[in-house]
2 protein chains.
Amino acid sequence: MVTQRIRDFLAAHTEDGPCVVIDLDVVRDNYDAFRRALPDTRVFYAIKANPDVAILKLLAARGSSFDCASLNEIKLAMAAGATADRISFGNTIKKQRDIAAAYELGVRLFAVDSIEELRKVGESAPGSKVFCRILADGDGAEWPLSRKFGCTPEMAVDILASAEYNFVVAHGVSFHVGSQMTRTDGWETAIGQAKWIFSQLEELGIELKLVNLGGGFPAKYLKDIPTSQAYGESIQECLRRHFGNNIPETIIEPGRGMTGAAGVIRAEVVLVSRKSHTDAHRWVYLDIGKYGGLAETMEEAIRYPILTERDNDPKSLCVLAGPTCDSADVLYERNMYPLPDTLEIGDIVLIDCAGVYTTTYSAVAFNGFEPLKSYVI
Amino acid sequence: MVTQRIRDFLAAHTEDGPCVVIDLDVVRDNYDAFRRALPDTRVFYAIKANPDVAILKLLAARGSSFDCASLNEIKLAMAAGATADRISFGNTIKKQRDIAAAYELGVRLFAVDSIEELRKVGESAPGSKVFCRILADGDGAEWPLSRKFGCTPEMAVDILASAEYNFVVAHGVSFHVGSQMTRTDGWETAIGQAKWIFSQLEELGIELKLVNLGGGFPAKYLKDIPTSQAYGESIQECLRRHFGNNIPETIIEPGRGMTGAAGVIRAEVVLVSRKSHTDAHRWVYLDIGKYGGLAETMEEAIRYPILTERDNDPKSLCVLAGPTCDSADVLYERNMYPLPDTLEIGDIVLIDCAGVYTTTYSAVAFNGFEPLKSYVI
């Protein structure tokens, strides 16, 4: 969202390369909207989306909890003011020594999706609560997840049933319905599976308490998306349908839905050219590409809104590419991007909804280019 | 190549996360082999492959020239001892102000693939030599390039013909036959096209001097590759066939072929698990993945040799994945990787032939993980 605050900042600020500007007011409003939409649900911000300290401080001060992918993210959250009871070590792939270090810092909530990982948590963080991640189908997500995380519900039952034997507490079930889930009923199947696991464990005398609904909440790129309120209503109804009067504790882990729309990248057109005299399409090269922060254009998954100062002029489809000497550094080619026919070398473009998975994804120094600069205002 | 020097270094050196170690002796031997194989050809090391200062210093001292993708890479090359006449600004996508800055530093050789870029060079680096990159077909390359760089030969003729009018000197033709070109005759078509462009320009009274043969020279991953000598003989024969007694100046731009085999990554097994009780395949998670340096596993393009201490034990196919919470951070899944059945959490693995496109490709801080550490010995 190119807010007036972002426009004012960019107008007053020059930069040689691309930069992203994040408007904290948008983050705040999104947090508040999640809280209103799901008042009984704790919000764990997915730090990996954008770990800027100002964002973490704002959210910590507003009462948010934090979903952490690594020991470093745990330290960032705590440095921003989160107490250990507001932290979930949500990565199912953790080094034994990182589990131990997190436990030392007071963290007591860990994700697992295998018996092997449960054993690690039991050894290095005894007495902690674990939730088991199950595979979700991702139907309706614009970027469905791979099978990398989660196990089958049947295996989750066995893993959680073995928790006590491994010195940890079986606490609940988690899943991730897929990134940029644009259907409000996208949680239906997974919540049903969670309920089935709760019932199986109950028969074994184990009472689960938590359903971690994960992330997947979308940001508005080119298409309209449902409101947080609509997601909240759909999820609550789904929980009631499956759990009746016995609704468990719930948490959500928004990342994209929290900070995506808060950020805008300013970039520059470096070259506009064609490959032959008869080439029907222009190639437009920006000073940012896949390795400079737009990694989510991988397989053309995320299609960013791109604004220019010539958007009232006629447009035609272009191939859009980044500035590196890497031939894979092409943003949109299979599905080309409409840009003004008058677009010129040196023009500024604004890439909207770029607040997540941009700064930390940047390559360190690929082709000698510096990582994406970030300003949080 | 896991040389004894690398083994000794790793034995004496502990590290919490993954690291890459580069053996300079291998780089030196590769450079010398290229020089012997193509004695009349200047070697321009493609800095983007690995810009470590020790590598650049070694090559500069041995007389190498440098193919630079950015102004920063030009500065790195000059800091390592290269004079401006040994530098090519080889990226066809350059900011006007970067061309001007390179010109200030003394650089006089620039790549273009469009009339628009030629005009920029003419404006900011008047009198410089330009070579025009043409599209090559990449047949026989394990990683064929996209259409991002180069124009048609017909367009190249027009671009070079307009050089004088734009205050630059039409110097030659370049192409890139595709990364990891395993056929020694892979340069045939492109050299033929270059000759055609030379002839066309000659008819216009313009004498081109240079054929830039680009990169594409492979590193030995799992399959054997031809020797530099074999490439040299094939290329020289091809030049003679097309250019007869009038062989032009030539340059090559090896990156992967120079430094790929010189580097080894040491990583750690973080988790070995299955997704269900009936899952036929293990999932093996390392502490390095697509965002930590193994970006070239994108679409499973580069298949690294992976060594463990249990390689004498029976092996079975595994899905191999990285440590981040990103579901795209999977290395080999469509074409799974055989690893020992006895592989355990905490085991060390060596990822061979990892000297290029690893360090600088690393994400700055994705998921809170640090970029790949690098030691050049």
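Chain A splits into domain 1 (24-259) and domain 2 (261-376), with bounds that come from an automatic or database domain assignment. This is a predicted model, where local features need pLDDT of at least 70 and side-chain atom pairs count only at pLDDT 80 or more, while totals for chains, interfaces and linings use all residues. Residues are numbered from 1 along each chain as its sequence is written, and chains are lettered from A and ligands numbered from 1 in the order in which they are written.

The C-alpha centres of the two domains of chain A sit 33 Å apart. Where the domains meet, 17 residues of domain 1 are in contact with 16 residues of domain 2 in chain A; contact here requires C-beta atoms, placed from the backbone, to lie within 7 Å. On the domain 1 side, helix 2 (24-37), helix 3 (53-61) and helix 10 (256-259) of chain A each give two or more residues, and helix 2 gives the most, with three. Helices are DSSP runs (H or I, at least four residues), as are strands (E, at least two), numbered from the N terminus. By class, that side of domain 1 comes out as eleven nonpolar, three polar and three charged residues. Ala, Val, Leu, Ile, Met, Phe, Trp, Tyr, Cys and Pro count as nonpolar, Asp, Glu, Lys and Arg as charged, and the others, Gly among them, as polar.

Turning to the pair of chains, 54 residues of chain B are in contact with 54 residues of chain A. Strand 12 of chain B has the largest share, four residues. The chain B side holds 28 nonpolar, 16 polar and ten charged residues.

The same surface serves both copies, and 100% of the contact residues of chain B recur in chain A.

Methods: Contact = placed C-beta atoms within 7 Å.
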